[in-house]
Amino acid sequence: MRTAALALSAVAALTLGTTAMTATTDAAAAPAPAPAPAPKKQGPTSVAYVEVNNNSMLNVGKYRLANGGGNAFDVAVVFAANINYDTSKKAAYLHFNENVQRVLDNAATEIRPLQEKGIKVVLSVLGNHQGAGFANFPSQQAASTFAKQLSDTVSKYRLDGIDFDDEYSEYGKNGTGQPNASSFVHLVTALRANMPDKIISLYNIGPAASRLSYGGVNISSKFNYAWNPYYGTWQVPGISLPKSKLSPAAIEIGGTSRSTVASLARRTVSEGYGVYLTYNLDGTDRSADVSAFTRELYGSDAVYTR
């Protein structure tokens, strides 16, 4: 069984690039265009993670349904920014490697075309082997400071939200603390307050995913979506969200057999879940792989256009 750790390991150790605090401002120069109405489609929300170290975000917009012309994908995830640790300031900060920074700086050509088609674009944030994670902020203020970095980034680059992926943090490294009960609750609470109408999603893995309640506050309802992180498997995320917001199915495009892709999609529909997660959409024509789930979710093949 392919795990998320194996599937995502290629990106975590990259440290090139700049931080959110020093990124250029060109991407925010003009107001966001109003998205053109996408043709209606019935069925679960489909999500595509894109490894931007190797692939273009624009690939997500190249797939449409043969019947009706709707987008095959509804949410595109930029994978991934990092939570890094400044040892001199003893503080976590948001970091972009050179490829994530390129996508953000070129939002006009990398992100806006997707949004104009009605596809939401979300930034995933991942640990980076430095001890900083979502579950070990030492205070509510530290969590709120990082939440502001996230929401400022969403505002600056006119993104549609943030995705949390609590892997590769290596809690305790560089003198950082172990996971605590309050950290993730404070972080998500502050982030939701900062961006009440944006997407917050949970890649259901790591210490943060099991620390959703503290001091009488449960943050489950603050998430828009949560999904299974283990590709090729079925696992209902352990979070109190309605089925319409959960993806128990997770597949790797080109890495999970089409028969499994189709089976998981059928189960998604038959059991009434509202989200279907895919990972690693690349630049080749994957219409056969995509059609394996769109036929089950939407009753239509997917068409690839260059």
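**Exercise 1: two packed helices**

Helix H8 (residues 258-270) packs against helix H9 (residues 287-298) at an angle of about 25°, and their axes are 8 Å apart. Work out which class this angle falls in.

Solution. Angles under 35 degrees count as roughly parallel, so H8 is roughly parallel to H9. The crossing of the two helices H8 and H9 is right-handed. Next, look at the contact (heavy atoms within 4.5 Å): H8 brings residues including Val 261, Ala 265 and Val 269, while H9 brings residues including Ala 292, Phe 293 and Leu 297. By class, the contact of H8 with H9 has eight nonpolar, one polar and four charged residues.

This is a predicted model, where local features need pLDDT of at least 70 and side-chain atom pairs count only at pLDDT 80 or more, while totals for chains, interfaces and linings use all residues. Residues are numbered from 1 along each chain as its sequence is written, and side-chain values use heavy atoms, with hydrogens and water left out.

**Exercise 2: a residue in a strand**

Find Val 121 in strand S6 (residues 120-127). Is Val 121 buried or exposed?

Solution. The relative accessible area of Val 121 is 0%. Buried means under 20% relative accessible area and exposed over 50%, with partly exposed in between (1.4 Å probe, protein chains only), so Val 121 is buried. Now list its neighbours: leaving out residues up to four places away in sequence, Val 121 touches Met 57, Ala 76 and Gly 161, among others. Val 121 and Gly 161 lie 40 residues apart in sequence, with their C-alpha atoms 7.1 Å apart in space.

Conventions: Axes are lines fitted to C-alpha atoms, for helices over the stretch in contact, and angles run from 0 to 180 degrees between N-to-C directions. Helices (H or I, at least four residues) and strands (E, at least two) are DSSP runs, numbered from the N terminus. Angles under 35 degrees count as roughly parallel, over 145 as roughly antiparallel, 65 to 115 as roughly perpendicular and the rest as oblique. A crossing is left-handed if the near helix is turned anticlockwise from the far one by less than a right angle, and right-handed if clockwise. Ala, Val, Leu, Ile, Met, Phe, Trp, Tyr, Cys and Pro count as nonpolar, Asp, Glu, Lys and Arg as charged, and the others, Gly among them, as polar.
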